[in-house]
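Please read the following briefing alongside the sequence and the coordinates.

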Amino acid sequence: MTATAERPTVAPGRVVWFTGLSGAGKSTLASALYAELQTRGVAVELLDGDAVRENLSKGLGFTKADRDTNVRRIGFVAGLLAKHGVTVLVSAISPYADTRREVLGAFDSALEVFVDAPLEVVTERDVKGLYLKAIAGEIPHFTGVSDPYERPESPDLHLRTDHITVEDGVRQLLDRLGA
């Protein structure tokens, strides 16, 4: 007679997907929420779009197909983590609404957070001057300038980072998560 090992039951985690223009505050809010959830003992992981692109999606360009592949890869990893009880914070521009809907639709409990700031504000925040170069035509395929960013029509949470503090944003996120 063989004993079968029972897998421990793990409550599924959640996916919190931060979308918005570069410089809108996605990574800032996700990092602050990450720190707060850690202090509360929540199993949490942060998937930052820049880090994922460097380590998981290296070699992809900035065509729509490549951007969609990147978002799907992030979604795949987020799903694996959430399946094991981790709250996953994804900070990625994810510019195309149809791809966001596809990826978020795969999760039982996902939260789409639109981190919003006007183009003039994100341009001011841009210490590398990438927006100014894109506006001048020096950088092709720059989201929000020469490539589209499709705003979420009905996000679960809409945070206008030109009107709120990081602390206010984290408080709204915690309220929405029921934490």
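This is a predicted model: local features need pLDDT of at least 70, side-chain atom pairs count only at pLDDT 80 or more; totals for chains, interfaces and linings use all residues.

**Helix packing and a surface patch**

Helix α3 comprises 20 residues (residues 64-83), which at 1.5 Å a residue should span 28 Å, and the distance of 28 Å between its end C-alpha atoms agrees with that expectation.

Helix α3
- Buried positions in α3 are Arg67, Asp68, Asn70, Val71, Ile74, Gly75, Ala78 and Ala82.
- Packed against the buried residues of α3 are the strands β1 (15-19), β2 (44-48) and β3 (87-91), together with the helices α2 (49-55) and α4 (97-104).
- Ala65, Phe76 and Lys83, by contrast, are exposed on the other side of α3.
- After α3 comes Gly85, which has a positive phi, near 85 degrees.

Helix α4
- In α4, the buried residues are Ala97, Thr99, Arg100, Val103 and Leu104.
- Viewed down the axis of α4, these buried residues fall within an arc of 165 degrees, and therefore they line one face of the helix.
- The cover over the buried residues of α4 includes β1, α3 and β4 (110-116).

Surface
- A nonpolar patch on the surface is formed by Leu119, Leu132, Ile135 and Val145, which together have about 330 Å² of accessible area.

Key
Residues are numbered from 1 along each chain as its sequence is written. Side-chain values use heavy atoms; hydrogens and water are left out. Helices (H or I, at least four residues) and strands (E, at least two) are DSSP runs, numbered from the N terminus. The expected span of a helix is 1.5 Å times one less than its number of residues. Buried means under 20% relative accessible area, exposed over 50%, partly exposed in between (1.4 Å probe, protein chains only). Contact means heavy atoms within 4.5 Å. The arc is that of the directions from the helix axis to the C-beta atoms. Patches are made of residues with over 30% relative accessible area and no salt bridge: like charges are joined within 9 Å, nonpolar side chains (Val, Leu, Ile, Met, Phe, Trp, Tyr) within 5 Å. Accessible areas come from the Shrake-Rupley method with a 1.4 Å probe; for residues, only the protein chains shown count as cover. A salt bridge is a side-chain nitrogen of Lys or Arg within 4 Å of a carboxyl oxygen of Asp or Glu.
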